[in-house]
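Have the model open while you read.

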Amino acid sequence: MSEERYQQGIAQLEEMGGTPVLAMLEQLQDTTSDLTRFTVEFAYGDILSRPGLDLRTRQIATVAALTALGTAPVQLRAHIDMALSVGCTRDEIKEIIIQMALYAGFPAALNGMAAAQEVFRVKDKKVA
């Protein structure tokens, strides 16, 4: 069952455009292979691949939650990138982050916006 969950998680990551997450997990593989496997199996194989919400909606919720947490800048950048890959626009991402100022505070929203700007810059460099 575990290998099936892992493969489902990898497939979900690929569908979401999760190249940044896959790269991050690959870097951690040597030192924390168990944590990498748990992340892929549980987060992507069990939770994010559930029916009920489309990937775009899931990414909106994820960007909002990570912005509100304010403690996961690497994951926030990766999920902003994936949100763009599944159809969110830059303006929608900005609005999601602005909305979090109300619930999580301005520091969290400002840090979230800085993460978004960094993702947008990287994407613009790849296009140029």
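1. I'll start with D124, which is partly exposed at a relative accessible area of 41%. For the wording here, buried is under 20% relative accessible area, exposed is over 50%, and partly exposed is in between, using a 1.4 Å probe and protein chains only. Before going further: this is a predicted model, where local features need pLDDT of at least 70, side-chain atom pairs count only at pLDDT 80 or more, and totals for chains, interfaces and linings use all residues. Residues are numbered from 1 along each chain as its sequence is written, and side-chain values use heavy atoms, with hydrogens and water left out.

2. What does D124 pair with? Its side chain meets that of R90 in a salt bridge, 2.8 Å from N to O. (A salt bridge is a side-chain nitrogen of Lys or Arg within 4 Å of a carboxyl oxygen of Asp or Glu.) The two residues link distant parts of the chain, 34 residues apart: R90 sits in helix α6 (residues 90-104) and D124 in helix α7 (residues 106-127). Helices are DSSP runs of H or I with at least four residues, numbered from the N terminus. R90, at 29% relative accessibility, counts as partly exposed.

3. Searching the whole structure turns up 9 salt bridges. One of them joins the side chains of E3 and R37, at 3.4 Å from N to O. E3 lies in helix α1 (residues 2-15) and R37 in helix α3 (residues 33-47), so this pair ties together parts that are 34 residues apart in sequence. Both ends are partly exposed: E3 has a relative accessible area of 43%, and R37 has 28%.

4. Next look at E41 and R5, a salt bridge whose closest N and O atoms are 3.5 Å apart. Because E41 is in helix α3 and R5 in helix α1, the pair ties together parts 36 residues apart in sequence. E41 is buried at 5% relative accessible area, while R5 counts as partly exposed at 22%. Step back and there is a network: salt bridges link E3, R5, R37, E41 and D46.

5. On to α1 itself. Its 14 residues reach 20 Å from first C-alpha to last, close to the 20 Å expected at 1.5 Å a residue (the expected span is 1.5 Å times one less than the number of residues). Which residues of α1 are buried? They are Y6, G9, I10, Q12 and L13. These cover an arc of only 160° around the axis, which puts them on the same side of α1; the arc is that of the directions from the helix axis to the C-beta atoms. E4, E14 and E15 are exposed on the other side.

6. Where does the buried side of α1 go? Its buried residues pack against α2 (19-28), α3, α4 (55-69) and α5 (73-85), with contact meaning heavy atoms within 4.5 Å. Just after α1, G17 has a positive phi of about 70°.

7. Finally, have a look at Y44 in helix α3, which is buried at a relative accessible area of 4%. Leaving out residues up to four places away in sequence, Y44 touches a set including G9, Q12, L13, V21 and M82. The side chains of Y44 and H79 are joined by a polar contact of 3.2 Å. That term covers a pair of N or O atoms within 3.5 Å; within protein, one must be able to donate a hydrogen and the other to accept it, and residues adjacent in sequence count only if both atoms are side-chain atoms.
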